[in-house]
Amino acid sequence: MILCTGNSARSIIGEVLVSAMPGFQGYSAGSTPRGELNPMAMSVLSAKGHDTSRLTSKSWDVFASDDAPKMDVIITVCDNAAGEACPHWPGHPIQVRWGLPDPVEVEEMSRQRIAFEDTYFSLKKRFQKLAALDFDAMTAPELKDAIQAIHTQR
């Protein structure tokens, strides 16, 4: 699961990218969801050929119940949500933080598009590295360290 405060841009992009990888299912949520998706994020995803029709901005509470899908890894992509008290996640998934700049904060529209493209490619690169990890061969602490290290790798 990909977390961000508003669940309208970075975490939504992450959900789509993870879901596009064979053998993975991505989810996203926010601590204070905006309730609507960022139009520029949707434009970038659509331009890359992703289906955005089923995406929604939702609260992380949706995934905190015992009947929620089981999460193996929870990645926080914004600094705001990283400091918030998260709900109890069923199954005690690995939790890491990949703080990324918020492309929504770029005011000039031509530069904002570039910021969203950068976010897309930055997350795609990270998730490709995550997918290459041998989850079964690592202990939970080793896996957590490996996933966290992906954030700083070039």
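User: What covers the buried residues of H5?

Analyst: The cover over the buried residues of H5 includes E3, E4 and H4, contact being defined as heavy atoms within 4.5 Å. The model is a predicted one, in which local features need pLDDT of at least 70 and side-chain atom pairs count only at pLDDT 80 or more, while totals for chains, interfaces and linings use all residues. Residues are numbered from 1 along each chain as its sequence is written, and side-chain values use heavy atoms, with hydrogens and water left out. Helices (H or I, at least four residues) and strands (E, at least two) are DSSP runs, numbered from the N terminus.

User: Which residues of H5 are buried, and how do you know on which side of H5 they lie?

Analyst: Leu143, Ala146, Ile147 and Ile150 are buried, a term for under 20% relative accessible area, with exposed meaning over 50% and partly exposed the range in between (1.4 Å probe, protein chains only). These four cover an arc of only 95 degrees around the axis, and are therefore on the same side of H5; the arc is that of the directions from the helix axis to the C-beta atoms. Pro141 and Asp145, on the other side of H5, are exposed.

User: Why is Glu15 called buried?

Analyst: Glu15, which lies in helix H1, has a relative accessible area of 12% and therefore counts as buried. Apart from neighbours within four places in sequence, Glu15 is in contact with Ile2, Gly26, Tyr27, Ser28, Leu55 and Lys58.

User: What is the order of the strands in the open sheet, and what makes E2 and E4 stand at the edges?

Analyst: The four strands of the open sheet follow the order E2-E1-E3-E4, with parallel pairing. Strand E2 (28-29) and E4 each have a single partner strand, so one side of each is left without a neighbour in the sheet; strands pair if DSSP finds at least two bridges between them. E1 (residues 2-3) and E3 are joined in the parallel sense by two bridges, with Leu3 opposite Thr76 in E3. Helix H5 (residues 140-150) packs on the sheet by touching E3 and E4, and its direction makes about 20 degrees with that of E4; such angles run from 0 to 180 degrees between N-to-C directions, and axes are lines fitted to C-alpha atoms, for helices over the stretch in contact.

User: Why is the pair of Phe24 and Phe135 called edge-to-face?

Analyst: The whole structure holds four aromatic pairs, and in the one formed by Phe24 and Phe135 the centres are 6.3 Å apart, with 65 degrees between the planes. Rings of Phe, Tyr and Trp (its six-membered ring) pair if their centres lie within 6.5 Å, and planes under 30 degrees apart count as stacked, over 60 as edge-to-face and the rest as tilted, so this pair is edge-to-face.

User: What makes the pair of Trp98 and Phe127 tilted?

Analyst: Trp98 and Phe127 lie 5.4 Å apart from centre to centre with 45 degrees between the planes, and the pair is therefore tilted, being neither stacked nor edge-to-face. Trp98 is in the loop between E4 and H4 and Phe127 in helix H4, so the pair ties together parts that are 29 residues apart in sequence. Both Trp98 and Phe127 are buried.
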